Amino acid sequence: ISLLFVPFLVFAQNQAVLPNAGLTPESPFYFLDKFGEALREFFTFSPEGKAHLQITFAAERVAEIKVILETKGVEAKGLEIAQGRLQAHLANAATIVTEQKSEGKNVASLAKELDDEFEAPKTALKQTFKEQERTLEAQEKELKAKIREARLAGDVAQVEVLVKQLGEVKAQKELLKLKEEEQEEVLEREEGRLEEEMEAKEEAEKAIRE
(Lines give C-alpha, C1' and ligand atoms only; values in the text may rest on other atoms or scores of the structure.)
Protein backbone atom coordinates (compact mmCIF):
# COMPACT_ATOMS: atom_id res chain seq x y z
CA ILE A 1 0.00 0.00 0.00
CA SER A 2 2.86 2.37 0.77
CA LEU A 3 3.95 2.09 -2.86
CA LEU A 4 0.65 3.61 -3.97
CA PHE A 5 1.12 6.91 -2.19
CA VAL A 6 4.70 8.13 -2.46
CA PRO A 7 5.68 11.16 -0.34
CA PHE A 8 7.18 14.15 -2.05
CA LEU A 9 10.61 15.55 -1.24
CA VAL A 10 12.41 18.80 -2.02
CA PHE A 11 16.05 18.20 -2.92
CA ALA A 12 17.15 21.84 -2.68
CA GLN A 13 15.79 25.34 -3.03
CA ASN A 14 17.29 25.76 -6.49
CA GLN A 15 15.99 22.41 -7.69
CA ALA A 16 12.55 21.32 -8.77
CA VAL A 17 10.33 19.22 -6.52
CA LEU A 18 10.38 15.51 -7.32
CA PRO A 19 8.66 12.51 -5.75
CA ASN A 20 10.72 10.01 -3.80
CA ALA A 21 12.24 7.62 -6.34
CA GLY A 22 11.51 4.60 -4.15
CA LEU A 23 12.52 1.39 -5.93
CA THR A 24 14.52 1.87 -9.11
CA PRO A 25 14.93 -0.47 -12.11
CA GLU A 26 18.24 -1.53 -10.57
CA SER A 27 16.32 -3.25 -7.76
CA PRO A 28 15.17 -6.89 -8.11
CA PHE A 29 11.92 -5.77 -6.42
CA TYR A 30 11.15 -3.13 -9.02
CA PHE A 31 8.18 -5.19 -10.19
CA LEU A 32 6.44 -4.16 -6.94
CA ASP A 33 6.67 -0.53 -8.00
CA LYS A 34 5.13 -1.35 -11.38
CA PHE A 35 2.40 -3.41 -9.71
CA GLY A 36 1.54 -0.53 -7.40
CA GLU A 37 1.23 1.85 -10.32
CA ALA A 38 -0.95 -0.62 -12.20
CA LEU A 39 -3.31 -0.70 -9.20
CA ARG A 40 -3.46 3.09 -9.04
CA GLU A 41 -4.27 3.20 -12.74
CA PHE A 42 -6.92 0.47 -12.38
CA PHE A 43 -8.75 2.45 -9.69
CA THR A 44 -8.63 5.70 -11.65
CA PHE A 45 -11.69 5.86 -13.85
CA SER A 46 -11.91 9.24 -15.57
CA PRO A 47 -9.77 9.94 -18.66
CA GLU A 48 -8.61 13.21 -17.09
CA GLY A 49 -7.54 11.39 -13.93
CA LYS A 50 -5.68 8.78 -15.96
CA ALA A 51 -3.87 11.51 -17.90
CA HIS A 52 -2.79 13.27 -14.71
CA LEU A 53 -1.70 9.92 -13.28
CA GLN A 54 0.59 9.37 -16.27
CA ILE A 55 2.28 12.69 -15.52
CA THR A 56 2.66 11.64 -11.89
CA PHE A 57 4.29 8.41 -13.01
CA ALA A 58 6.52 10.39 -15.39
CA ALA A 59 7.74 12.51 -12.47
CA GLU A 60 8.59 9.32 -10.57
CA ARG A 61 10.61 8.10 -13.55
CA VAL A 62 12.54 11.37 -13.50
CA ALA A 63 13.31 10.78 -9.82
CA GLU A 64 14.54 7.28 -10.68
CA ILE A 65 16.77 8.64 -13.44
CA LYS A 66 18.27 11.11 -10.97
CA VAL A 67 19.04 8.39 -8.41
CA ILE A 68 20.48 6.02 -11.01
CA LEU A 69 22.79 8.64 -12.51
CA GLU A 70 24.01 9.74 -9.08
CA THR A 71 24.60 6.24 -7.70
CA LYS A 72 25.18 3.92 -10.67
CA GLY A 73 26.28 6.21 -13.49
CA VAL A 74 25.26 6.62 -17.09
CA GLU A 75 26.15 3.03 -18.03
CA ALA A 76 23.62 1.51 -15.60
CA LYS A 77 21.11 -0.79 -17.28
CA GLY A 78 18.28 0.61 -15.21
CA LEU A 79 18.74 4.05 -16.75
CA GLU A 80 17.46 2.91 -20.13
CA ILE A 81 14.48 1.23 -18.48
CA ALA A 82 13.54 4.38 -16.58
CA GLN A 83 13.93 6.52 -19.68
CA GLY A 84 11.81 4.13 -21.73
CA ARG A 85 9.02 4.16 -19.16
CA LEU A 86 9.20 7.96 -18.95
CA GLN A 87 8.67 8.15 -22.69
CA ALA A 88 5.73 5.74 -22.45
CA HIS A 89 4.02 7.77 -19.69
CA LEU A 90 4.27 11.01 -21.65
CA ALA A 91 3.02 9.31 -24.80
CA ASN A 92 0.09 7.80 -22.88
CA ALA A 93 -0.90 11.18 -21.47
CA ALA A 94 -0.80 12.77 -24.93
CA THR A 95 -2.79 9.87 -26.40
CA ILE A 96 -5.53 10.28 -23.80
CA VAL A 97 -5.81 13.97 -24.73
CA THR A 98 -6.00 13.08 -28.43
CA GLU A 99 -8.68 10.45 -27.83
CA GLN A 100 -10.76 12.88 -25.79
CA LYS A 101 -10.52 15.43 -28.57
CA SER A 102 -11.65 12.85 -31.13
CA GLU A 103 -14.79 12.35 -29.01
CA GLY A 104 -15.61 16.02 -29.44
CA LYS A 105 -14.42 17.25 -26.06
CA ASN A 106 -12.55 20.52 -25.50
CA VAL A 107 -9.16 19.32 -24.27
CA ALA A 108 -7.23 22.60 -24.34
CA SER A 109 -7.49 23.10 -20.56
CA LEU A 110 -6.49 19.51 -19.83
CA ALA A 111 -3.51 19.77 -22.18
CA LYS A 112 -2.33 22.94 -20.41
CA GLU A 113 -2.76 21.36 -16.97
CA LEU A 114 -0.65 18.37 -18.00
CA ASP A 115 2.00 20.57 -19.57
CA ASP A 116 2.20 22.77 -16.46
CA GLU A 117 2.26 19.72 -14.18
CA PHE A 118 5.30 18.26 -15.92
CA GLU A 119 7.21 21.54 -16.02
CA ALA A 120 8.95 20.99 -12.66
CA PRO A 121 10.00 17.36 -13.37
CA LYS A 122 11.23 18.43 -16.80
CA THR A 123 13.40 21.10 -15.21
CA ALA A 124 14.69 18.58 -12.67
CA LEU A 125 15.55 16.15 -15.47
CA LYS A 126 17.62 18.76 -17.28
CA GLN A 127 19.36 19.68 -14.02
CA THR A 128 20.16 16.03 -13.38
CA PHE A 129 21.94 15.59 -16.70
CA LYS A 130 23.87 18.85 -16.25
CA GLU A 131 24.95 17.86 -12.74
CA GLN A 132 26.19 14.49 -13.98
CA GLU A 133 28.04 16.22 -16.79
CA ARG A 134 29.78 18.52 -14.30
CA THR A 135 30.70 15.51 -12.14
CA LEU A 136 32.34 13.73 -15.09
CA GLU A 137 34.15 16.93 -16.12
CA ALA A 138 35.55 17.23 -12.59
CA GLN A 139 36.72 13.60 -12.71
CA GLU A 140 38.33 14.22 -16.09
CA LYS A 141 40.17 17.28 -14.80
CA GLU A 142 41.39 15.41 -11.72
CA LEU A 143 42.64 12.46 -13.78
CA LYS A 144 44.54 14.75 -16.16
CA ALA A 145 46.27 16.37 -13.19
CA LYS A 146 47.24 12.95 -11.79
CA ILE A 147 48.55 11.86 -15.19
CA ARG A 148 50.82 14.91 -15.33
CA GLU A 149 52.10 14.16 -11.83
CA ALA A 150 52.73 10.50 -12.67
CA ARG A 151 54.63 11.43 -15.84
CA LEU A 152 56.81 13.89 -13.95
CA ALA A 153 57.52 11.16 -11.42
CA GLY A 154 58.35 8.73 -14.21
CA ASP A 155 55.71 6.25 -13.03
CA VAL A 156 54.85 4.61 -16.38
CA ALA A 157 52.58 1.95 -14.90
CA GLN A 158 50.52 4.52 -13.03
CA VAL A 159 50.24 6.64 -16.17
CA GLU A 160 48.80 3.68 -18.07
CA VAL A 161 46.21 3.04 -15.36
CA LEU A 162 45.18 6.70 -15.22
CA VAL A 163 44.99 7.04 -19.00
CA LYS A 164 42.66 4.04 -19.11
CA GLN A 165 40.45 5.60 -16.43
CA LEU A 166 40.44 8.89 -18.36
CA GLY A 167 39.27 7.07 -21.47
CA GLU A 168 36.42 5.51 -19.52
CA VAL A 169 35.30 8.89 -18.18
CA LYS A 170 35.37 10.41 -21.67
CA ALA A 171 33.28 7.51 -22.97
CA GLN A 172 30.77 8.09 -20.18
CA LYS A 173 30.58 11.77 -21.10
CA GLU A 174 29.80 10.91 -24.71
CA LEU A 175 27.15 8.38 -23.67
CA LEU A 176 25.61 10.89 -21.27
CA LYS A 177 25.40 13.49 -24.01
CA LEU A 178 23.76 11.00 -26.34
CA LYS A 179 21.15 10.00 -23.75
CA GLU A 180 20.50 13.63 -22.92
CA GLU A 181 19.87 14.47 -26.58
CA GLU A 182 17.58 11.47 -26.98
CA GLN A 183 15.65 12.50 -23.87
CA GLU A 184 15.23 16.06 -25.12
CA GLU A 185 13.86 14.78 -28.44
CA VAL A 186 11.28 12.68 -26.59
CA LEU A 187 10.21 15.61 -24.40
CA GLU A 188 9.90 17.95 -27.35
CA ARG A 189 7.85 15.44 -29.35
CA GLU A 190 5.36 14.57 -26.61
CA GLU A 191 5.04 18.12 -25.32
CA GLY A 192 4.49 19.26 -28.89
CA ARG A 193 1.38 17.08 -29.04
CA LEU A 194 -0.03 18.83 -25.97
CA GLU A 195 0.98 22.27 -27.16
CA GLU A 196 -0.99 21.76 -30.36
CA GLU A 197 -4.16 21.55 -28.30
CA MET A 198 -3.23 24.61 -26.25
CA GLU A 199 -2.48 26.61 -29.39
CA ALA A 200 -5.87 25.62 -30.80
CA LYS A 201 -7.54 27.15 -27.75
CA GLU A 202 -5.46 30.32 -27.99
CA GLU A 203 -6.33 30.72 -31.66
CA ALA A 204 -10.03 30.27 -30.91
CA GLU A 205 -9.90 32.86 -28.12
CA LYS A 206 -8.09 35.27 -30.42
CA ALA A 207 -10.73 34.77 -33.11
CA ILE A 208 -13.49 35.45 -30.56
CA ARG A 209 -11.78 38.66 -29.41
CA GLU A 210 -11.38 39.82 -33.01
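Visitor: Where should I start?

Guide: Start with what kind of model it is. It is predicted, so local features need pLDDT of at least 70 and side-chain atom pairs count only at pLDDT 80 or more, while totals for chains, interfaces and linings use all residues. Residues are numbered from 1 along each chain as its sequence is written, and side-chain values use heavy atoms, with hydrogens and water left out.

Visitor: How many helices and strands does the secondary structure of the chain come to?

Guide: Helices (H or I, at least four residues) and strands (E, at least two) are DSSP runs, numbered from the N terminus. Here there are 6 helices and 2 strands. Read from the N terminus, the order is β-β-α-α-α-α-α-α.

Visitor: What share of the 210 residues in the chain is buried?

Guide: Buried means under 20% relative accessible area, exposed over 50%, and partly exposed in between (1.4 Å probe, protein chains only). In this chain, buried residues make up 39% of the 210.

Visitor: And what share of the contacts comes from residues 24 or more positions apart?

Guide: A contact means heavy atoms within 4.5 Å. Counting contacts with a separation of 6 or more, 74% are between residues 24 or more positions apart.

Visitor: How do I read a pair of helices, such as H1 and H3?

Guide: Look at the axes, which are lines fitted to C-alpha atoms, for helices over the stretch in contact, with angles running from 0 to 180 degrees between N-to-C directions. Angles under 35 degrees count as roughly parallel, over 145 as roughly antiparallel, 65 to 115 as roughly perpendicular and the rest as oblique. The axes of H1 (residues 30-42) and H3 (residues 77-102) come within 14 Å and cross at roughly 10°. H1 and H3 are therefore roughly parallel to each other. On the H1 side the contact is made by Tyr30, Asp33, Lys34 and Glu37, and on the H3 side by Ile81, Arg85 and His89.

Visitor: Which classes do the residues in the contact of H1 with H3 belong to?

Guide: For classes, Ala, Val, Leu, Ile, Met, Phe, Trp, Tyr, Cys and Pro count as nonpolar, Asp, Glu, Lys and Arg as charged, and the others, Gly among them, as polar. This contact has 2 nonpolar, 1 polar and 4 charged residues.

Visitor: Where do H4 and H5 meet?

Guide: Asp115, Asp116 and Glu117 of H4 meet Glu119, Ala120 and Pro121 of H5. The class count for this contact is 2 nonpolar, no polar and 4 charged. The two axes come within 4 Å and cross at roughly 35°, with H5 spanning residues 119-152.

Visitor: What does Glu180 touch?

Guide: Beyond residues up to four places away in sequence, Glu180 touches Phe129, Lys130 and Glu133. Glu180 is in helix H6 and counts as buried, at 5% relative accessibility.

Visitor: Which residues line the largest cavity?

Guide: The lining consists of Ile55, Leu90, Leu114, Asp115, Phe118, Glu190, Glu191 and Leu194. Two or more of these residues come from each of H4 (108-117) and H6 (156-209), and H6 gives the largest share, 3 residues. By class, the lining has 5 nonpolar, no polar and 3 charged residues.

Visitor: What surrounds Leu114?

Guide: Leu114 is in H4 and is buried, at 0% relative accessible area. Apart from residues up to four places away in sequence, Leu114 touches Ala51, His52, Ile55, Ala93, Val97 and Leu194. The C-alpha atoms of Leu114 and Ala51 are separated by 7.6 Å, with the two residues 63 apart along the chain.

Technical notes: On a 1 Å grid over the protein atoms alone, a cavity is a set of points where a 1.4 Å probe fits but cannot get out, and a pocket is an open set with protein on both sides within 12 Å along at least five of seven lines; lining residues have an atom within 4 Å of a point.
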